[in-house]
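Here is a brief report for someone meeting this structure for the first time. Please look over the sequence and the model before reading on.

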Amino acid sequence: MTDPVTTRASELDQLPDRDPQETAEWRESLDAVARAAGPQRANYLVRRTVEHARLSDLGVPPLLESEYVNTVPTAAEPDFPGDQAMESRITAYNRWNAAAMVTRGSRYGVGGHIATFASAAWLYEIGFQHFFRGKDDLAGGGASGDQLYIQGHASPGVYARAFLDGRLSEAQLDNFRQESGGNGIPSYPHPRRLPWMWEFPTVSMGLGPLSAIYQARFNRYLEHRGIKDTSTSHVWAFLGDGEMDEPESTAALALAGREGLDNLTFVINCNLQRLDGPVRANFKIVRELETQFRAAGWNVVKSLWGSAWDELFRLDATGALLRRLREVPDAQFQTYATRDVAYIREHFFGAEPALAELAKLVGDDRILECFHTSRGGHEPRKVYAAYRAALAHKGAPTVILAQTVKGWTLGPGFESRNANHQMKKLSGKEFRAMRDLLELPIPDSALDEELVPYAHPGADSPEVRYLQERRAELGGPAPARKVHPVALPEPAERSFKSLEKGSGTQEIATTMAFVRLVKDLMRDKETGRRWVPIVPDEARTFGMEALFPSAGIYSPLGQTYDPVDRDQLMYYKEARDGQILNEGITEAGAMADFTAAATSYATHGEPMIPFYIFYSMFGWQRTADQFWALGDQLGRGFVVGATAGRTTLTGEGLQHADGHSPLIASTNPAALSYDPAFAYEIGVIVREGLRRMYGPDTGEDQNVFYYLTVYNEPKPQPAMPEGAEEGIVRGLYRFNEGEAEAETPKIQLLASGTAIHWVLEAQRLLSEEWGVSADVWSATSWGELRRDAMECDAALLRGEERTPYVTRALEGAPGPVLAVSDWMRQVPDQISQWVPQEYTSLGTDGFGLSDTRDNARRHFGVDAQSIAVAALAQLARRGEVKHETVRKAAQEYGIG
């Protein structure tokens with residue numbers, strides 16, 4: 001009978017076999033082992049052989065999954081370098097104070113999370129005591145220290161440690177999640193709310209791992225470009241196993257593996273629970289993550305079992321224990337952590353005779369210890385060994401999969417319970433049990449059922465001295481954010497002068513005007529090297545290919561191939577010191593790049609000037625959450641929505657037709673949104689942006705970023721009118737005035753972006769064909785006009801008399817106001833309540849459609865003829881023109 005296994009087609013059949021008989025003998029040997037000693041023995045031999053082949057550099061691909069055991073065997077664990085008893089006391093204080101802080105806060109209904117830090121305490125403490133490098137050297141231009149991405153729900157434990165260290169007061173802990181009074185601390189890691197401590201906002205789950213990867217890559221970018229020596233900086237990202245379901249969490253794993261980012265370590269707290277229940281109820285999250293990370297080229301270090309398991313593994317002569325651990329789903333293993341020994345003996349060890357025999361050799365106490373508490377993430381020696389292994393591995397990033405019990409030390413009411421994420425306080429009885437378990441010197445008399453005290457051994461206690469000495473040796477407190485202002489010189493004027501002069505009869509799109517400006521600024525001797533062009537694989541669409549040969553595209557490998565277009569002037573040039581970050585088709589990746597560059601002034605003491613240019617539709621709509629995190633992280637730079645507007649991108653249809661991004665941008669307080677119409681406006685805005693974000697002595701006003709929308713429609717670019725600079729920056733100025741007799745009907749036309757050209761044509765039609773005089777205003781920023789007006793309203797409530805800029809600018813302008821843009825009407829309507837005249841608007845509300853620009857604009861009613869009819873209708877409502885005139889104009893233009 002034919003053996004289906006040996007006759008099955010294999011991809012290896014395509015490779016030459018120099019000795020088929022030898023190959024057959026290897027197969028027969030493996031079959032013989034399986035028959036004689038069982039499949040487990042055969043499996044073991046194959047794994048050992050593959051491991052030996054890899055260590056011998058034979059080029060054998062790695063296995064994607066290893067046994068369900070610790071990567072570092074107990075016998076191979078390095079000596080623990082610290083005082084473990086002392087560190088256990090420090091960790092006990094931090095556990096207590098984290099729980100006390102959240103419980104005390106529950107009196108005011110503000111809540112908090114307890115169980116996450118309880119499971120991860122040793123993962124953080126070992127890092128703080130032995131690995132995480134601080135930033136004390138940054139002030140003198142020295143090492144940047146490590147970058148720590150703290151899991152958001154673990155923030156109470158980090159605050160508790162800062163309290164023990166003297167960085168936070170008891171009053172501040174009592175104001176956890178109560179910031180409005182000015183002495184509180186934020187719920188999660190928010191740099192904008194606590195800028196001396198937090199560096200990275202991480203609680204929008206998924207963004208932390210994505211940002212950490214690109215931060216590690218940007219560190220390499222700075223080093224390879226000779227801007228900053230980041231060789232001693234390491235990026236640590238602390239994540240939850242449930243968080244890894246977010247698509248952003250794993251979106252860039254291949255990038256980190258491909259580029260060998262061994263300056264990056266993920267620490268995933270595998271407590272097997274997400275917010276509502278098990279992460280993988282019917283599966284095993286550790287096995288899944290190990291496979292996923294290994295496939296992406298990562299080094300995987302597992303710290304699953306505590307030392308209590310050593311005895312069980314030693315007694316497992318048949319491999320039955322390993323088989324059982326591999327097959328038990330996570331939800332069942334979580335149940336074992338809450339059940340008595342009889343249940344565990346019956347349901348776990350009773351699965352097969354070999355396990356039942358093994359269980360007879362182990363006492364009840366040891367079984368309960370193993371299944372209830374003994375996890376690799378709860379033992380400092382195991383965690384230290386995993387961290388050492390991560391830093392020792394070179395050539396690839398490392399992920400540490402540390403198994404823990406969610407809610408550990410908080411008592412049976414919390415540990416491994418599905419509801420523990422929503423449980424915000426401990427009872428007095430639970431605190432007493434926790435105190436006894438942690439062996440803290442807190443008397444019963446201090447334990448009030450309603451208000452438990454914070455515990456602190458004293459500022460000069462051995463515990464605090466030990467903690468502070470360890471941090472001093474590692475370079476200062478952590479986490480910490482330190483800004484040492486470095487003002488950049490103002491670029492030379494010549495780069496801006498060319499835009500001020502206009503283009504004459506040459507037609508230039510504002511996208512091209514922006515790119516030309518930045519290309520000139522990148523040549524500046526003082527600041528040119530600090531520009532970081534970022535684009536998600538559309539550089540040629542935006543006319544940026546001219547930057548390829550001059551600036552180069554960053555690659556840590558340089559260019560290992562001969563580019564197909566090498567004989568062309570603008571060939572595709574990659575370089576190890578390349579300046580452009582061309583990220584492929586990933587707006588999320590490009591946005592993470594931007595964030596790393598935009599915050600380099602704080603992270604590394606090196607101000608960089610990133611500009612991220614993207615298809616307008618795929619910026620804010622796709623990555624608004626990252627823009628929010630950018631604002632939280634106090635990022636600075638320029639984001640540019642190219643091919644902007646709903647009607648300028650001909651034929652692309654509703655998936656590409658952007659009519660709403662400025663409205664989304666208006667929700668972000670850190671975003672200064674501009675919709676420039678002309679090239680010279682771009683020059684003024686960029687110049688002001690450089691002054692504000694990178695100039696001297698502007699304080700908190702620096703913590704903004706600029707969003708510019710630019711268009712792909714070539715138009716002649718006029719010269720800048722005299723005295724227009726203030727209006728361009730503030731958001732509105734009169735571009736030209738209509739000419740008319742005193743009795744002629746008058747109207748004010750406001751337009752932004754490419755709509756200025758439709759409005760100018762409408763101005764001509766109104767004047768020549770309908771006897772109406774229109775003034776044309778360029779509204780460079782509806783958002784900044786609104787921001788100023790809202791500030792004026794707030795000032796009035798303080799008794800200050802301030803008039804909004806838009807009100808003052810339009811004061812006395814005759815006639816009603818008609819505002820037009822290539823955006824939905826809500827964008828210009830942002831300013832309506834502060835316009836003294838009658839106000840109406842035109843826009844591109846609704847989905848986009850595929851057609852020519854002219855037809856699309858007629859469809860939305862924003863072309864020149866439609867604007868003219870709308871202006872006449874507005875004047876007719878005032879009785880300044882006849883309604884018959886409106887009907888006649890509409891009929892003549894084919895509208896309606």
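## Where H8 meets H24

Six residues of H8 take part here: Leu210, Ser211, Tyr214, Gln215, Arg217 and Phe218. They meet Ala588, Gly589, Ala592, Asp593, Ala596 and Ala597 in H24. By class, this contact has 7 nonpolar, 3 polar and 2 charged residues.

The model is predicted. In it, helix H8 covers residues 207-224 and helix H24 covers residues 587-598. Their axes come within 8 Å and cross at roughly 60 degrees. H8 and H24 are therefore oblique to each other. The crossing in which H8 passes H24 is right-handed.

Thr623 belongs to helix H26, residues 620-632. Is Thr623 buried or exposed? Its relative accessibility is 3%, so Thr623 counts as buried. The side chain of Thr623 reaches back to the backbone oxygen of Gly619, at 2.7 Å.

Leaving aside residues up to four places away in sequence, Thr623 touches Glu587, Ala588 and Met591. Thr623 and Ala590 are 33 residues apart along the chain. Their C-alpha atoms are separated by 10.0 Å.

## Where H30 meets H34

Another pair of helices is H30, residues 755-770, and H34, residues 864-877. They pack at an angle of about 60 degrees, with their axes 8 Å apart. H30 and H34 are therefore oblique to each other. Their crossing is right-handed.

Which residues make the contact? H30 supplies Trp758, Val759, Glu761, Ala762, Leu765, Leu766 and Trp770. H34 supplies Ala864, Gln865, Ile867, Ala868, Ala871 and Leu872. By class, the contact of H30 with H34 has 11 nonpolar, 1 polar and 1 charged residues.

## H13 and the helices around its buried residues

Helix H13 runs over residues 320-327. Its buried residues are Ala320, Leu321, Leu322, Arg324 and Leu325.

What do these buried residues pack against? Four helices are named: H12 (309-315), H14 (330-336), H15 (341-347) and H16 (353-359).

## Asn269 in a strand

Asn269 sits in strand S3, which spans residues 264-270. Asn269 counts as buried because its relative accessibility is 2%. The side chains of Asn269 and Ser119 are joined by a polar contact of 2.8 Å.

Ser119 is one of the residues that Asn269 touches, not counting those up to four places away in sequence.

## The whole protein

How many helices and strands are there in the protein? The count is 35 helices and 20 strands. The protein has 896 residues, and 57% of them count as buried. Among them are Asn269 and Thr623.

Taken along the principal axes, the C-alpha atoms fill a box of roughly 105 × 80 × 55 Å. Consider contacts between residues at least 6 apart in sequence: 77% of them join residues at least 24 apart.

How values were computed
Residues numbered from 1 in each chain as written. Predicted model: local features only at pLDDT ≥ 70, side-chain atom pairs only at ≥ 80, totals over all residues. Heavy atoms only, no water. Helix = DSSP H or I, 4+ residues; strand = E, 2+ residues; numbered from the N terminus. Buried < 20%, exposed > 50% of the residue type's maximum accessible area, 1.4 Å probe, protein only. Polar contact = N/O pair within 3.5 Å; in protein donor to acceptor, adjacent residues only side chain to side chain. Contact = heavy atoms within 4.5 Å. Axes fitted to C-alpha atoms, helices over the stretch in contact; angles between N-to-C directions. Parallel < 35°, antiparallel > 145°, perpendicular 65-115°, else oblique. Left-handed = near helix turned anticlockwise from the far one by under 90°. Nonpolar A, V, L, I, M, F, W, Y, C, P; charged D, E, K, R; others polar.
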